[in-house]
Amino acid sequence: MARRLDSEIKVLPNGDWIFRDAKIEQKDILEYFRKNLKEAEDGIYIDNQYGEFSENGYLELFGYPLNLIRIWEKDGEFYFLSDSGEELPLSSLQIAADSEGELFARKKDHLFLKYKIARNVSATLSEYLFESPQGLRLILKSGEVPILETGEQPNVSLPKEFQK
C-alpha cells in the first residue's frame with residue numbers, strides 16, 4: 001500500500017504550482033506531476049512510484065492543476081490534448097461552467113480533478129456553443145452536449161489528516 005503524505009504543493013488560482021512558497025518552474029517536473037495526478041475520495045494526489053516503493057503526495061488546490069491546451073476533430077468527435085499529455089475525447093468529459101462562468105472539464109468518473117479550458121480551446125468551442133431554454137449547449141454534428149452551470153470552484157482541500 002502506498003504511503004500517504006502532504007506533498008506541500010499548492011496550485012494557485014492562476015495555475016502556478018507552489019512548493020514551500022517557491023514556484024515550481026521546471027517543465028519536466030511539472031509534466032511528471034501532471035501525468036501522475038490521481039483522484040481519491042478525499043482529495044487529489046501525485047502518485048509516485050520508485051520500484052517497489054510508492055507514495056501518494058496530496059495537493060491543495062486553489063486553481064486548476066490541468067489544462068486542455070488543444071482541440072481537434074477526428075471521425076466526427078472532438079478530442080482535447082491536456083498539458084499532462086492525455087488525449088481525451090469529448091465523450092469522456094463533462095463540460096461545465098464554474099463559479100466565475102468559466103468553462104472547465106472533468107472526466108465523467110471524476111469529482112475533484114478538473115481541467116481548465118485554455119483560451120484557444122474555448123474560442124473553438126464557442127463556435128458550437130448556444131443558449132437554449134434548457135441552458136448552455138454545445139451543438140455538434142454528433143448531437144447536443146449540455147454545459148452544466150455548477151457554480152463550482154477548482155478548490156480541493158487536503159485530506160483531514162493533513163489539515164492543520
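**Close-up views of a predicted model**

In β9, Tyr 79 has Pro 89 as its bridge partner. This is a predicted model, in which local features need pLDDT of at least 70 and side-chain atom pairs count only at pLDDT 80 or more, while totals for chains, interfaces and linings use all residues. Residues are numbered from 1 along each chain as its sequence is written, and side-chain values use heavy atoms, with hydrogens and water left out.

**View 1. The hairpin of β8 and β9.** Let us stay with the pair that opened this page. Strand β8 and strand β9 (residues 87–89) pair in the antiparallel sense over 3 bridges. Two strands count as paired here if DSSP finds at least two bridges between them. Strands themselves are DSSP runs of E with at least two residues, helices are runs of H or I with at least four, and both are numbered from the N terminus. The hairpin has 4 residues between the strands, and Gly 85 takes a positive phi near 95° in this hairpin.

**View 2. The hairpin of β7 and β8.** Strands β7 and β8 are antiparallel, with 6 bridges in their pairing. Across the pair, Leu 68 stands opposite Ser 82 in β8. This hairpin has 2 residues between the strands. Asp 75 sits in the loop between β7 (66–74) and β8 (77–82), and its phi is near 50°, a positive value in a residue other than glycine. As a reminder, most residues other than glycine have a negative phi. Asp 75 is also exposed, with a relative accessible area of 77%; the classes are buried under 20%, exposed over 50% and partly exposed in between (1.4 Å probe, protein chains only).

View 3. Val 11 stands opposite Trp 17 in β2.

**View 4. Arg 20 in its loop.** The loop between β2 and β3 holds Arg 20. Although Arg 20 is not a glycine, it has a positive phi of about 50°. Is Arg 20 buried or exposed? Arg 20 is exposed, at a relative accessible area of 55%.

**View 5. Ser 126 and Leu 138.** Ser 126 belongs to helix α2 (residues 119–126) and is partly exposed, with a relative accessible area of 43%. Ser 126 and Leu 138 are 12 residues apart along the chain, and their C-alpha atoms are separated by 8.3 Å.

**View 6. Stepping back to the chain.** The chain has 2 helices and 16 strands. Its radius of gyration is 17 Å, close to the 15 Å that the globule rule gives for 164 residues, so the chain is as compact as a globular protein of that length. This radius is taken over C-alpha atoms, and the rule is 2.2 Å times the number of residues to the power 0.38. The C-alpha trace spans about 50 × 30 × 30 Å along its principal axes. Of the 164 residues, 42% count as buried. Among contacts (heavy atoms within 4.5 Å) between residues at least 6 apart in sequence, 50% join residues at least 24 apart.
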